[in-house]
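Here are some notes for a colleague who is opening this model and has not seen it before. Please read them with the structure in view.

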Amino acid sequence: MITGILGCILPFIPGPPMSYIGILLLHFTTGVQFSNRFLLIWAIVTVVVVALDYIIPIWGTKKFGGSKQGVWGSVIGLIAGMFFFPPFGIIIGPFVGAVVGELIAGKNSNAALKSGFGSFIGFLTGTILKLIVSGMMTWYFFKELLIS
């Protein structure tokens, strides 16, 4: 469950899927039995959140006027930031990447900064969404663990 929470912040660890695996592992013990409905709902929520984690930053970049180059810059910036400037590169990388992508696309600096800001807002929204979902699964995990 701790790995799931950490995975919400560290992009190389899939946070919500790790939290769901924790729920499943607890379910397969003799002490705790979640209902099939509970497991199915959390499986669907996990899949949706993982998909949204890829869609929201792209949407944020586009919503703030970003182009394809800005979106690609955001993705490349995220990967580069993760490897070259951890842990802050994960936050700064998408912003810088989107700005550079927009500048390469020929946009002026104000439009590029606006697109970078959209990328940052999208990244932040996705991270908060993952933290909420993993946090809720962690709560259910410990609630059931302490009851049994």
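1. Phe117 lies in helix α6, where helices (H or I, at least four residues) and strands (E, at least two) are DSSP runs numbered from the N terminus. Phe117 counts as partly exposed because its relative accessibility is 41%, given that buried means under 20% relative accessible area, exposed over 50% and partly exposed in between, with a 1.4 Å probe and protein chains only. Leaving aside neighbours within four places in sequence, Phe117 is in contact with Phe64 and Phe95, contact meaning heavy atoms within 4.5 Å. The C-alpha atoms of Phe117 and Val99 are separated by 8.5 Å, and these residues are 18 apart along the chain.

2. This is a predicted model, in which local features need pLDDT of at least 70 and side-chain atom pairs count only at pLDDT 80 or more, while totals for chains, interfaces and linings use all residues. Residues are numbered from 1 along each chain as its sequence is written, and side-chain values use heavy atoms, with hydrogens and water left out.

3. The chain has six helices and zero strands, and its C-alpha trace spans about 60 × 30 × 15 Å along the principal axes. Of the 148 residues in the chain, 38% are buried.

4. The axes of α5 and α6 come within 8 Å and cross at roughly 145°, the axes being lines fitted to C-alpha atoms, for helices over the stretch in contact, with angles from 0 to 180 degrees between N-to-C directions. On the α5 side the meeting residues include Phe95, Ala98 and Val99, and on the α6 side they include Phe117, Phe120 and Phe123. The residues of this contact between α5 and α6 divide into twelve nonpolar, four polar and one charged, where Ala, Val, Leu, Ile, Met, Phe, Trp, Tyr, Cys and Pro count as nonpolar, Asp, Glu, Lys and Arg as charged, and the others, Gly among them, as polar.

5. Which residues of α4 are buried? They are Gly70, Val71, Gly73, Ser74, Gly77, Gly81 and Met82. These residues lie on the same side of α4, because they cover an arc of only 160° around the axis, the arc being that of the directions from the helix axis to the C-beta atoms. They pack against α3 (36-63), α5 (89-104) and α6 (109-147), whereas the face of α4 turned away from its buried side carries the exposed residues Lys68, Trp72, Ile76, Phe83 and Phe84.
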